[in-house]
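Q: Hey, could you walk me through this structure? I'd like to start with one residue and move on from there.

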Amino acid sequence: MRYVSPGREYARDIRYLTTRITADGRDGFPVEPGRYRLVVARACPWASRAVIVRRLLGLEEALPMAVAGPTHDDRSWTFDLDPGGRDPVLGIERLQEAYLARDPGYDRGVTVPAVVDVPTGRVVTNDFARITLDLSLEWSAHHREGAPDLYPRALRPEIDAVNEVVYTEVNNGVYRAGFAGSQAAYASAYGRLFACLDRLAARLGASRYLVGDTITEADIRLFTTLVRFDAVYHGHFKCNLRKLSETPVLWAYARDLFQTPGFGDTVDFDHIKRHYYLVHDDINPTGIVPAGPDLSGWLVPHGREALGGRPFGDGTPPAPVSAGEAVPPEHTPLPT
C-alpha cells in the first residue's frame with residue numbers, strides 16, 4: 001500500500017458513514033444493549049478514543065467489542081486475533097465484509113472504529129468523532145453508576161473548539177508530517193504540529209486538564225496521539241523536534257492520564273508499533289519494528305495532583321478491566 005503521494009500534501013479521506021445510533025432511533029438505529037458490536041484496533045488512535053470512552057462510561061456489556069489485529073492490507077482490517085481468524089459474533093474474517101454488506105459498491109476507507117449492527121451484519125457508522133460523543137449522550141441510560149460526564153453541557157463550546165484545533169494540528173498533524181509528499185509539505189506540517197504542542201503545553205502548565213477541572217472528551221482525543229508519540233510519530237513520522245518525554249508539561253500530563261484507570265489499561269504498545277512500522281511499507285520498506293522505547297517512564301509519578309482537579313468529577317473510576325479485554329502484560333508497562 002502507498003500512503004505518500006509524491007509532491008503532494010497529505011489529505012485524509014473524511015467520507016465517513018454518518019448514520020447515528022440514537023436513543024430515539026431517528027436514523028433507524030435505536031440504542032439497544034447487545035444489538036451492536038464496536039469494532040476497533042488497539043493500534044489505531046481514532047479507535048482508541050472509543051475504547052477509552054466505552055470503558056470510562058461502563059458500556060462493556062451494552063456495547064460488546066471486537067478487536068482486530070494490528071495490521072491490515074489494502075482490503076481491510078482482519079480478525080486474526082480470534083480463533084480461526086473470524087470474529088466469533090459477526091462470523092467474518094475481514095471488517096470489509098460488514099462494509100460491503102451495507103453497500104456492495106462501497107469504495108471508501110474500511111476504517112475503525114466501526115459500529116456494526118449484529119442482526120444484519122452491516123456497518124452502521126464509522127464516524128469516529130461522532131461515535132464517542134454519542135456514547136456519552138445517546139447511550140446514557142446504560143452508563144455505569146458513577147460514570148463521568150465527559151462532555152458536560154456548559155463546557156461543550158470550549159471542548160468543541162479545543163477538539164477542532166487538536167484534531168487539525170495534532171491528531172491529523174502527525175499524519176500530515178508522516179505522509180507528506182514533499183519537503184515543503186513536511187516542513188509546514190512539522191512547524192504547525194510543534195507550534196500547537198507548545199501552545200497546549202502552555203495551557204496545561206496551569207491546568208490539570210484541557211477544559212475544566214475534570215477529564216473530558218478533549219483530553220481523550222489528545223491522549224491517543226500523545227501516547228503514540230515517542231513509540232512511532234517521533235521516528236516513523238519524522239516528528240522529531242523533541243520527544244514527548246523531552247517536553248516536561250505534556251509528558252507529565254500524558255503520564256497522569258496513562259496512570260488513570262481507563263486510559264493506560266487500554267493501550268497496547270506492541271500493536272501500535274507493529275501497525276505503523278509494518279503497514280506503512282512505503283515509509284518503512286524493511287518492515288523492521290523498533291525494539292524501543294523503554295516504557296517504564298510511563299509509570300513515573302507525574303506530580304500533576306498539585307494542580308488540583310478531579311479526574312472523574314462527581315463520578316468514580318471504572319472497575320478493573322475484564323480478563324477478556326485486558327492488554328497482554330508483555331505489551332504494557334502496567335503491573336498485572
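Q: Where does Val-89 sit?
A: Val-89 is in the loop between strand 2 (65-68) and helix 2 (96-102). Helices (H or I, at least four residues) and strands (E, at least two) are DSSP runs, numbered from the N terminus. The residues themselves are numbered from 1 along each chain as its sequence is written. Keep in mind that this is a predicted model: local features need pLDDT of at least 70, side-chain atom pairs count only at pLDDT 80 or more, totals for chains, interfaces and linings use all residues, and side-chain values use heavy atoms, with hydrogens and water left out.

Q: Is Val-89 buried, exposed or partly exposed?
A: Partly exposed, because its relative accessibility is 45%. Buried means under 20% relative accessible area, exposed over 50%, and partly exposed in between (1.4 Å probe, protein chains only).

Q: What does Val-89 touch?
A: Leaving aside neighbours within four places in sequence, Val-89 is in contact (heavy atoms within 4.5 Å) with Arg-37 and Val-118.

Q: OK, new topic. How many cavities of 30 Å³ or more are there?
A: A search of the whole structure turns up four. On a 1 Å grid over the protein atoms alone, a cavity is a set of points where a 1.4 Å probe fits but cannot get out, while a pocket is an open set with protein on both sides within 12 Å along at least five of seven lines; lining residues have an atom within 4 Å of a point. Grid points are joined across faces, edges and corners, and a volume is the space filled by probe spheres set on the points.

Q: What lines the largest cavity?
A: That cavity holds about 100 Å³ of space. Its lining includes Thr-19, Leu-63, Ile-131 and Trp-139. Helix 3 gives the largest share of that lining, four residues.

Q: Tell me about Ile-131. Why does Ile-131 count as buried?
A: Because its relative accessibility is 6%. Ile-131 is found in helix 3 (residues 128-137). Not counting residues up to four places away in sequence, Ile-131 touches Pro-113, Val-115, Thr-125 and Asn-126.

Q: And what's the volume of the largest pocket?
A: About 890 Å³. There are 38 residues lining that pocket, and Tyr-3, Tyr-10, Arg-12, Gly-109 and Thr-111 lie nearest its centre. Helix 1 (45-57) and helix 9 each supply at least two residues of the lining.

Q: Why is helix 9 largely enclosed by the rest of the structure?
A: Because eight of the eleven residues of helix 9 are buried. Among them are Phe-269, His-271 and Tyr-276. The cover over the buried residues of helix 9 includes helix 1, helix 5 (173-178), helix 7 (217-233) and helix 8 (248-258).

Q: What caps the N-terminal end of helix 9?
A: Asp-268 does: a side-chain oxygen lies 3.1 Å from the backbone nitrogen of Asp-270.

Q: Which backbone oxygen does the side chain of Arg-304 reach at 2.8 Å?
A: The backbone oxygen of Ser-207.

Notes:
Polar contact = N/O pair within 3.5 Å; in protein donor to acceptor, adjacent residues only side chain to side chain.
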